[in-house]
Amino acid sequence: QVQLVESGGGLLQAGGSLRLSCAVSGRTSSSYVMGWFRQAPGKEREFVASIRWTGGSTYYADSVKGRFTISRDNARNTVDLQMNSLKPEDTAVYLCAVRYSDYSPRYNYWGQGTQVTVSS
């Protein structure tokens, strides 16, 4: 069992920056893949970024590439998402998730999410 708790969301103007954190507790494994997703009102959940628990192999959605950075913090046991040059279309609930490995067909555990609102 893995528990995920997101934090760091907020309201800010376009062009600003925000850092989200996902606190991870429970059983973990070096094979785990951590992901950030987002869901805007009336839209489907979409992939934002992922990283291996060991910190390598990062992937990004085209819409955030060059603006967002996903990272692992071993000391704090978190997965962070640094978001720069935010746009109104980045407004969404951001969720952290974990899947058992690169070969897992789906993400197995999810957090509750944190709201990010970007005004124009």
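Q: Buried means under 20% relative accessible area, exposed over 50%, and partly exposed in between (1.4 Å probe, protein chains only); which of these classes holds tryptophan 110?
A: This is a predicted model, in which local features need pLDDT of at least 70 and side-chain atom pairs count only at pLDDT 80 or more, whereas totals for chains, interfaces and linings use all residues. Residues are numbered from 1 along each chain as its sequence is written, and side-chain values use heavy atoms, with hydrogens and water left out. With a relative accessibility of 31%, tryptophan 110 counts as partly exposed.

Q: How many residues apart in sequence are the parts that the pair of tyrosine 32 and tyrosine 100 ties together?
A: The two rings form a tilted pair, 5.9 Å centre to centre with 45 degrees between the planes. Strands are DSSP runs (E, at least two residues) numbered from the N terminus. Because tyrosine 32 lies in the loop between strands S3 (18-26) and S4 (33-39), and tyrosine 100 in the loop between S9 (92-99) and S10 (109-110), the separation in sequence is 68 residues.

Q: The charged end of which arginine sits over the ring of tryptophan 110?
A: A charge sits over a ring if NZ of Lys or CZ of Arg is within 6 Å of the ring centre and within 35 degrees of the ring normal. Arginine 72 lies over the face of tryptophan 53, at 3.7 Å from the ring centre. Over tryptophan 110, 4.2 Å from the ring centre, sits the charged end of arginine 45.

Q: How many residues does the largest nonpolar core have?
A: A nonpolar core is a set of buried Ala, Val, Leu, Ile, Met, Phe, Trp, Tyr and Cys residues joined through side-chain atoms within 4.5 Å. Those with the most contacts inside the largest core include Met34 and Trp36, and its residues number 30.

Key. Phe/Tyr/Trp six-rings, centres within 6.5 Å; stacked < 30°, edge-to-face > 60°. Helix = DSSP H or I, 4+ residues; strand = E, 2+ residues; numbered from the N terminus.
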